[in-house]
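Subject: Structure for you to look at

Hello,

Here is the structure I said I would pass on. My notes on it follow below.

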Amino acid sequence: MIITQGLTRWYGDFLALDALDLELSEGDLFGFIGPNGAGKTTTMKILATLLDPTEGRAFVGGVDVVKEPKKVRRLVGYMPDFFGVYREMRVAEYLAFFAAAYRVSRRDQRRVVGDLLELVDLAHKSEDTVGALSRGMQQRLGLARALVHDPKVLILDEPASGLDPRARVEVREILLELSRMGKTILLSSHILPELSSVCNRIGIIARGSLLALGSVDEVAASVAAPTLHIRLGELPEDADPQALLAAALGHEVSWNAEARVWSVDVGGEMPLTPEDAARSIVGAQLPLRYLHPVQASLEEVFLRLTADMDLGSEGEDAA
Ligand SMILES: Nc1ncnc2c1ncn2[C@@H]1O[C@H](COP(=O)(O)OP(=O)(O)O)[C@@H](O)[C@H]1O
Ligand SMILES: [Mg+2]
């Protein structure tokens, strides 16, 4: 539904997007995740036909975004990271205005606006002015605005940024509802765990390049083998459990004080399966009480992927 091929964008002599290849299938809820300045907004603006690529191509629903931008705009609902809010307008008026801009017939406008307000749970605010809405409500109104022409594809730039946890949950639920309605959704976030839990696939981008792509589990597994957490029973007074475990496993062992377990990083050149670890421990006559593989959390994955990239958390966010 969305394809980019070698998508590249220079701003002057600065390379913001470096030959990006993406592919979203119909119905995907795809999380485009990366620190500030990674190139997310640039990619989304190109897909929304608001910015031309320097090189490479992009297609939405098979339509080339550079060659047939009008056709693409009919297919795409785009929510920018900062959208001009028409503060004095009333909520229902605001949506009717954008419905008219997208040539929704006057006859259908009332129904479309009503349905959208229902969907984003703002029906009770339809006569309030936009400027009086909370940040979360404005974000939901922005979502509704992106939907006025019933697009097949939604491109949502940081839909959860700046929202409190409760408003974030509401956005998450709307996204799931839209996904159930069959929309293909591309959303971005500079905070990994923020929305990735609702995504069936994620791509991690930094410095204009894709670092990892797949389901949340696949991305986590591709970056970090699980860590084994181990507990032992009673040992003789003078025994050193750390040394005994390390000798039995042939891997370094460290103490995880928080979880109160011995922790073994099983990745590297000689990966160790939980089964082999259990066999080795029992074979060394150590009293094994507990052994559990723990997948790296998304935060850890993100940190590892971007660790050597010297990325400050305060990167500039171009509007
Ligand atoms: N109009 C512009 N002129 C110059 N540099 C820009 C412009 N827009 C974005 N950039 C730079 O391109 C990089 C990628 O920006 P952007 O796509 O907004 O990243 P993200 O959305 O992931 O934070 C950033 O380093 C940003 O400063
Ligand atoms: Mg951005």
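In α6, the buried residues are Val-171, Leu-175 and Leu-178; a residue is buried if 20 or more other C-beta atoms lie within 10 Å of its own, exposed if 12 or fewer, and partly exposed in between, with C-beta atoms placed from the backbone. They cover an arc of only 60 degrees around the axis, which puts them on the same side of α6; the arc is that of the directions from the helix axis to the C-beta atoms. An α-helix has 3.6 residues a turn, so residues three or four places apart point the same way. Exposed on the other side of α6 are Pro-165, Arg-166, Glu-173, Glu-177 and Arg-180.

On conventions: this is a predicted model, in which local features need pLDDT of at least 70 and side-chain atom pairs count only at pLDDT 80 or more, while totals for chains, interfaces and linings use all residues. Residues are numbered from 1 along each chain as its sequence is written, and chains are lettered from A and ligands numbered from 1 in the order in which they are written.

Helices (H or I, at least four residues) and strands (E, at least two) are DSSP runs, numbered from the N terminus. The protein chain has 11 helices and 14 strands.

The buried residues of α6 pack against β3, α5 (135-146), β7 and β8, where contact means C-beta atoms, placed from the backbone, within 7 Å. After α6 comes Gly-182, with a positive phi near 95 degrees.

Now the sheet. Six strands form an open sheet in the order β6-β7-β8-β3-β9-β10, with mixed pairing; two strands pair if DSSP finds at least two bridges between them. β6 (76-79) and β10 (209-214) are at the edges with a single partner strand each, so one side of each has no neighbour in the sheet. Strand β9 (residues 201-206) pairs with β10 in the antiparallel sense over five bridges, and Gly-203 stands opposite Leu-213 in β10. Helix α6 (residues 165-180) packs on the sheet, touching β3 (29-33), β7 (153-156) and β8 (184-189), and its direction makes about 155 degrees with that of β8. Axes here are lines fitted to C-alpha atoms, for helices over the stretch in contact, and angles run from 0 to 180 degrees between N-to-C directions.

For the whole chain, 35% of the 319 residues count as buried. The C-alpha atoms fill a box of roughly 85 × 45 × 35 Å, taken along the principal axes.

Regards

Technical notes. Contact = placed C-beta atoms within 7 Å.
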